[in-house]
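Here's a walk through one protein model, from the overall picture down to a few spots worth a look. Keep the viewer open as you read.

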Amino acid sequence: MKKSLSLLVAIAMVFSMFATVVSAAEELTTEQKYEALVEAGIFEGYDDGEAHLDREMTRAQAAKIIALLTGYEEGTEVDDAGFTDLKGATWAADYINYAAGLGILEGKGNKKFDPSANVKVQELAKIAVEILGLEVDEDAEVEGEVDAWAVAYVAAVVESGLIPAQEDYTAPAVRELLVIAAYALAEIINTPDELALASVKAVGSKKIEVNFNKAVEDTSKASFVVKKGTVSANVAKSEFNADKNVATLELSSKLTEGEYTVTVSGLTETALTGKVTTTNEKVTKIEVLSTVAPLVDGSDADTTKDDLSIPYKVTNQYGEDVTKTTSVYTSLGTANAANGVVEIDGTYKVGDIVAFTIIHQETATSVVATLTVSAESKIAELAVTGLYNKDGKTLSEDTNLSSDLFYLLVDAKDQYGMAVTNAAKATSDVIVNETNIGVVVAGAFTTVTVDGATKLALQLNNPATKTTAVVGQSTVMLISNTTGKNASHNVVVAEAARADVINLQQPELVAKGEKALIPVEAFDKDGNAITDVNSLNHATKGVKVTGVTGSKFIKNDKGIFLEIPASNFAALTDNAIVSIVAQTANFKVTTLTFTVKAAAIPTVIVGTDSGFSKTLKASEVRNIAVSNLVVEDQYGRVMSDASVQAYLTGGKKIVVADTTSAIVTLPTPVAPATTNDIAGTGSVAITAGTSNGTEVITLTLHDGTKLLTGSAADVTLRVTDGSEYTSYSVDAVGTVYDEDAAGKTDNVAYNKEVKVYGVLADGSKVQLTKGADYTATSTNSAVHADLNETETGTILNVSSALSYASDKTEVVHPITVTINKTGAQFTQDVTFSKVAPKVASVKFVNNNATNATTITAVNVTAGTFNLANLNAGASNTNIVVTDQYGVSVVAAANTGVITFADSTSVVAPNVVIQQVTGSVTPTANGTPAAAVTDLDVNEVIKVIVTYVGGASAELTVTRAS
């Protein structure tokens, strides 16, 4: 029995009205479920307001519920089902006829429905089966009283959880049972078959929330990519909620005004995409945090405590604390953003009145305060709210507290009940005692940002002479030196996880010239899965692998793998057998044998990629190259452009041939060549004729001696003279950088093209030509002149500075595109900015070019590693940064200093070096001079570079030899 699509849709529409209630139905009572059904209009209450769930249901009452449940709308005309006994239940006639028409309700025979009879439990079971189209087992058995005809139906609904087991299914069904069944139907109907994105929204200046329509089964498979136009925004961290239906993405840099696209892959056959429109971060609220103005010794010449220090807080549109990064003006004194206080020097005394205004001039956000001067603020109360690590790690004997920072979070209040987050005040007002400095050592008070809020924190350090924390416990007690009130926290340093069992699984494929990824499962002695690769790579607590060199455990979006460098397979013959042995810290051994296949080579051309338009404008010349093609190797994998180009040398090539040359033509081969060939990074020019039509060109792989059978792809090209356009479109321009207004050097890298297209009936687009096909204008004379300079295409390059309001860094001007043929106009507001380039994203690449391949790990051969190794020039690791306008540059060799195309310079990044395996001693850690000089063979470190503004990238570094 299968329900129709229209019935499914009808049910879904009804339950969409209370989908949010259903989704929260984990432990709802029957009364709560009843209320949800009443809210959806499925059930009706009694006049006395009670649910009366213990009352029996008549067939007429059940018919109404079933009809409404399955999409019936009041007033809908319904075919008469032919029942002759509905005169006493005319109110229910339409419901009965509707449900009967769907085949869900049946009469009693002889054209009788018997509307006043009670509904039996077994009848309710059949109704549920009919609604959902459940499969029934005719041989099923049921415990309890049930008529023979209903056994299969009862078994189906009980097994599926729609109706709880009963002793007597022939008994009348009470309202409670119908509520349970109806609500269970709702839960089933409202569980989507296919995973999809429900919404994408910005929830912080660096945070995007991705909501799914249902729980994600395996969140480890989710991979997130965030882009603004063509510019990628680095995702520093992604985290799912406990229900696995919401993922929060934390970006390396702040969101700016525009539209971001979030792509989620790894969860469905086709990647999921969603968009969110964001605004630049802005101040929306300023608060004065004190009800009094405490006396302090300020910055004036005297040493008397007759000055004032008043805390304030600035928040953005997401409610995040942006005090430290926001400049505000105060009518009295000076706003110290770093400490979040208004500092007022003078000769104040207790009881004086002070009034002042704090204003953020750019947004005109302000607050006015009138406070009474009070005695000096002193920390009076303390509470330790827990142990904090930004990555949520567990403090263990493997934790190096000099690089992997842990803090005790402290809530401190002064005698006025105001929160204190000033580290200097905590240092002067709080005594710190600890019971075991051999485990950890309490360091200095500082502040940390947790979920956008500034928190007072006490940093923990390694014990003296130790490079990590030590197993054990230490109680840290904080005592107010004015009130004696105290708070304590027991800091526990756990034993590091030791690998007890390791399972190595067959890899999908290992080919020469490529690293091998061996799927791994690892467990400790208690059977807990080990997911921290640092533990697996640990010299004494992890797993030792023999049979290959330079291997290490890694974690990616698909799980944990043993990564084996390609160098291990270079000298092997094709289909050679490799055996490896893995031994855990507890000396348990696992072996794996796998085959190393031949190196990947181009085998079949699938076609052109999505970025290559197969529609040409009449007389257009279009080049086709490897970068425009999708090429698979002999294993059915899509190859990178670089790999295909590297293969197409020494006579190997792609032969491009056409058939009639009536619609498009290829060049005449230059002797001694007899064909048009693509080799390496070369291309073949395709010239469109002047007639509308299509033509097939064929691209075939050639191994240097012959065309490869089965490797060819036929590509159908279309030529149009413009008479076939059904519509037109203009791409969004994005933000245009005004270098001149910024006082910088004008550079073509910041030019933006206005791209105008003719759109054909099949959706394909052809880029139009300025002048011949359209004109571009602006009401702003400078922008208008810019649009109409004598250059190919419509280019916005801001050749002379625009005018800006005194308090603004951006200005918006419209541009209008007018299609010559139709007169259709497209107007777009374009934002121009005089903000100099900033580092928006960072990545590591394998060469000194902006389009080089992104890498996340690298092997080195020396024991010394520092910033110079990250900017090592040609054919080596380099840093590439991208600014807010989408322009990328390679960092300067050795130093990491950035010089953008407009001459804007950015200082070298701070570098943090974290030990992954082995024992290294970083120097100057957290500064551009950070370095290690004792990196031994097979030791692994994590290197994090962070530029001004917060954009960062991570690289795993292994000393291979």
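A word on the ground rules. This is a predicted model, so local features need pLDDT of at least 70 and side-chain atom pairs count only at pLDDT 80 or more, while totals for chains, interfaces and linings use all residues. Residues are numbered from 1 along each chain as its sequence is written, and side-chain values use heavy atoms, with hydrogens and water left out.

**The whole chain**

The protein has 12 helices and 62 strands; helices (H or I, at least four residues) and strands (E, at least two) are DSSP runs, numbered from the N terminus. The C-alpha trace spans about 100 × 95 × 75 Å along its principal axes. Of its 961 residues, 43% count as buried. Here buried means under 20% relative accessible area, exposed means over 50%, and partly exposed sits in between (1.4 Å probe, protein chains only).

The accessible surface comes to about 45500 Å², and 49% of that belongs to carbon and sulfur atoms. Those areas come from the Shrake-Rupley method with a 1.4 Å probe, and for residues only the protein chains shown count as cover. As for contacts (heavy atoms within 4.5 Å), residues 24 or more positions apart account for 62% of those with a separation of 6 or more.

On the charge side, there are 69 positive and 113 negative charges, and their mean positions are 5 Å apart. Lys and Arg count as positive and Asp and Glu as negative, with His and the chain ends not counted. Each charge is placed at NZ of Lys, CZ of Arg, CG of Asp or CD of Glu.

**Two covered helices**

Helix H5 (residues 93-101) is mostly covered, with seven of its nine residues buried. Those are Ala 93, Tyr 95, Ile 96, Asn 97, Tyr 98, Ala 99 and Ala 100, and they pack against H4. After H5 comes Gly 103, which has a positive phi, near 85 degrees.

Helix H7 (residues 151-160) is mostly covered too: seven of its 10 residues are buried. The buried ones are Val 151, Ala 152, Tyr 153, Val 154, Ala 155, Ala 156 and Val 157. Their cover includes helix H6 (121-132). Just after H7, Gly 161 takes a positive phi of about 85 degrees.

**Salt bridges**

The structure holds 30 salt bridges, each being a side-chain nitrogen of Lys or Arg within 4 Å of a carboxyl oxygen of Asp or Glu.

| Pair | N to O distance | Relative accessible area |
|---|---|---|
| Glu 250 and Lys 237 | 4.0 Å | Glu 250 29%, Lys 237 33% |
| Lys 588 and Asp 500 | 2.9 Å | Lys 588 39%, Asp 500 9% |
| Asp 762 and Arg 718 | 3.3 Å | Asp 762 52%, Arg 718 22% |

Where does each pair sit? Glu 250 forms its salt bridge with Lys 237. That pair links distant parts of the chain, with Glu 250 in strand S6 (residues 246-251) and Lys 237 in strand S5 (residues 235-240), 13 residues apart.

The side chains of Lys 588 and Asp 500 also meet in a salt bridge. Lys 588 is in the loop between strand S30 (576-584) and strand S31 (589-596) and Asp 500 in the loop between strand S24 (486-493) and strand S25 (501-504), so this pair ties together parts 88 residues apart in sequence. Asp 500 is buried, at 9%, whereas Lys 588 counts as partly exposed.

Then there's Asp 762, bridged to Arg 718. Asp 762 lies in the loop between strand S45 (756-759) and strand S46 (765-767) and Arg 718 in strand S41 (residues 713-720), so parts 44 residues apart in sequence are tied together. Asp 762 counts as exposed, and Arg 718 as partly exposed.

Elsewhere, Lys 305, Glu 376, Lys 378, Lys 425 and Asp 429 are linked in a network of salt bridges.

**A negative patch**

Glu 31, Glu 35, Asp 47, Asp 48 and Glu 50 form a negative surface patch. Patches are made of residues with over 30% relative accessible area and no salt bridge, with like charges joined within 9 Å and nonpolar side chains (Val, Leu, Ile, Met, Phe, Trp, Tyr) within 5 Å. Asp 47 sits in the loop between helix H3 (30-39) and helix H4 (59-69), and counts as exposed because its relative accessibility is 85%.

Ala 196 lies in the loop between helix H8 (175-189) and strand S1 (197-202). At 28% relative accessibility, Ala 196 counts as partly exposed. Leaving aside residues up to four places away in sequence, Ala 196 touches Asn 211, Phe 212, Asn 213 and Leu 272.
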